[in-house]
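Visitor: I would like to learn how to read disulfides and cavities in a model. Could you walk me through them?

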Amino acid sequence: MDEKSSSHHRLLVVLLMALIFGVIMIQYVCPSRSECRMLHRLGSWLSVAGAAGTPGDLREQRDPYIAEDGALVRFIPRFNFTQNDLNRAVDFNIKGDDVIVFLHIQKTGGTTFGRHLVRNIQLERPCECHAGQKKCTCYRPGKKETWLFSRFSTGWSCGLHADWTELTSCVPSRMDSREAPKAMLSRNYYYITILRDPVSRYLSEWRHVQRGATWKASLHVCDGRSPTLSELPSCYPGDDWSGCTLQEFMDCPYNLANNRQTRMLADLSLVGCYNVSAMSEDERWAVLLESAKRNLRGMAFYGLTEYQRKTQYLFERTFNLEFIEPFTQLNGTRASSVDVPVETQHRIRQLNRWDVELYEYARDLFLQRFQFARQQERREARQRRQQERRRRLRGRLGIKKPTAAPPTLDGRLVVTESVARSEEDGGESEGLMPVWWELDENGTMEDYVDNVEQWK
């Protein structure tokens, strides 16, 4: 009976190992859920079954950022960025004079993110939001000064959906008019924004306009003035464009929905503002695209609608602030419910080709920043664990950390007379730790190596 029982156990172990190996091979051979659907379904069943036998504390330690959109696709970077581009942690002083400025681009999920800023951040002095009021009061601890310039805190103080050109020229003067001007100290302004996939954003804006939205209150101020009607013609003759078809929306050559993200993030004064006769269209948009990329790199933070958890993580890491409730990835928007033919989608991409290029660039930088921040976090965690292990070991051995490094030879501790005497005394005297004990085996911050493949 014992031999039969032993053979049964061995057989079960072999079968279990074969199942685990099969699950691994499924994920490797078929990384996309759209392919090998039945195999993925089998893999998910096995994963669930395996998770049921996994201790709760181990399940909680699993990385929540690995596949927030449900797809197992590898991210391969296309652009090279400096360490300064990737490491965006700032010394935000909410008790001082620092201000976060939110550049809100239409139909990017900015309303949701804006509400997070005023209602969902854990603060010593939370924003005061009251029912029926559109704006919240976001004061610094101990002061009647605001730390946030956004729709839900200061309102549209620089115009409805003010862009980069408007905000950078308007915000300082608006802040000085609201509060006492800082004679000696200049405020630090940290600009942030949210971007979205251009096709989804465009369709969402069309649906919004179709329901009657106009954004007529936008000022579009550039170089001290708003554009004339000849510089910025209207797409519709009446009060609004409600009921317009997608074809009509795409056919308007003056539609500001086209490449909106690029235009709103660029410095428009570089191309003569809204005077399109200053240069050719391709030349104009090429300048705007490079300006938008440059401004995006220099921003303290930006997030992507398609990556809510990573957006939350990078904001918290950048500003050393924490949200109370986690962000939720919602894919069921009005734009996603629109059934658009492939040819129409292609036309939308052509109309927004500069936004498409900007978004690919922004997504690449965003995911590299996330990868860099996670590597930093893991390195810091390893260092804390090492320091704790050293402290505990010294406590158990009764060894104090030496004030000066002991004599060494090729990294080995040279046994001096005092050390030898300590050993002869049975370890009662104070000993010395070998030099290798103090070495940092994890390298430095510069070792953000070529291995930047990241699960999406």
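This is a predicted model: local features need pLDDT of at least 70, side-chain atom pairs count only at pLDDT 80 or more; totals for chains, interfaces and linings use all residues.

Visitor: What is a disulfide, and how many disulfides does a search of the whole structure find?

Guide: In general, a disulfide is a covalent bond between the sulfur atoms of two cysteines. Here the criterion is a pair of cysteine sulfur atoms within 2.5 Å. The search of the whole structure finds 5 disulfides.

Visitor: Which parts does the pair Cys127 and Cys138 tie together?

Guide: Both cysteines lie in the loop between α5 (110–119) and β3 (148–149), so the pair ties together parts that are 11 residues apart in sequence. Helices (H or I, at least four residues) and strands (E, at least two) are DSSP runs, numbered from the N terminus. The link of Cys127 and Cys138 is right-handed, with 115° about the S-S bond.

Visitor: Is Cys127 buried or exposed?

Guide: Buried means under 20% relative accessible area, exposed means over 50%, and partly exposed is in between (1.4 Å probe, protein chains only). Cys127 has a relative accessible area of 12% and is buried; Cys138, at 2%, is buried too.

Visitor: Which cysteine does a disulfide join to Cys129?

Guide: Cys129 is joined to Cys136, S to S 2.1 Å. That link is right-handed, with 115° about the S-S bond. Cys129 is partly exposed at 22% relative accessible area, whereas Cys136 counts as buried at 4%.

Visitor: Is the disulfide of Cys158 and Cys170 left-handed or right-handed?

Guide: The torsion about its S-S bond is about -90°, so the disulfide of Cys158 and Cys170 is left-handed. This pair links distant parts of the chain, 12 residues apart: Cys158 is in the loop between β3 and α6 (164–178), and Cys170 is in helix α6. The sulfur atoms of Cys158 and Cys170 are 2.0 Å apart, and both residues are buried. For contrast, look at Cys244, which is in no disulfide: the nearest cysteine sulfur, that of Cys235, is 9.1 Å away. Cys244 is buried, with a relative accessible area of 2%.

Visitor: Now the cavities. How many cavities of 30 Å³ or more does the search find?

Guide: The general idea is that rolling a probe the size of a water molecule over the atoms shows where empty space is left. On a 1 Å grid over the protein atoms alone, a cavity is a set of points where a 1.4 Å probe fits but cannot get out, and lining residues have an atom within 4 Å of a point. Grid points are joined across faces, edges and corners, and a volume is the space filled by probe spheres set on the points. The search of the whole structure finds 2 cavities of 30 Å³ or more.

Visitor: What is the volume of the largest cavity, and which residues are closest to its centre?

Guide: The largest cavity has a volume of about 120 Å³. It is lined by 15 residues, and the closest to its centre are Leu86, Arg88, Ala89, Leu314 and Thr318. The elements giving two or more residues to this lining are β5 (301–304), α11 (308–319) and α13 (353–397); α13 gives the most, with 5 residues.

Methods: Residues are numbered from 1 along each chain as its sequence is written. Side-chain values use heavy atoms; hydrogens and water are left out. On a 1 Å grid over the protein atoms alone, a cavity is a set of points where a 1.4 Å probe fits but cannot get out, and a pocket is an open set with protein on both sides within 12 Å along at least five of seven lines; lining residues have an atom within 4 Å of a point.
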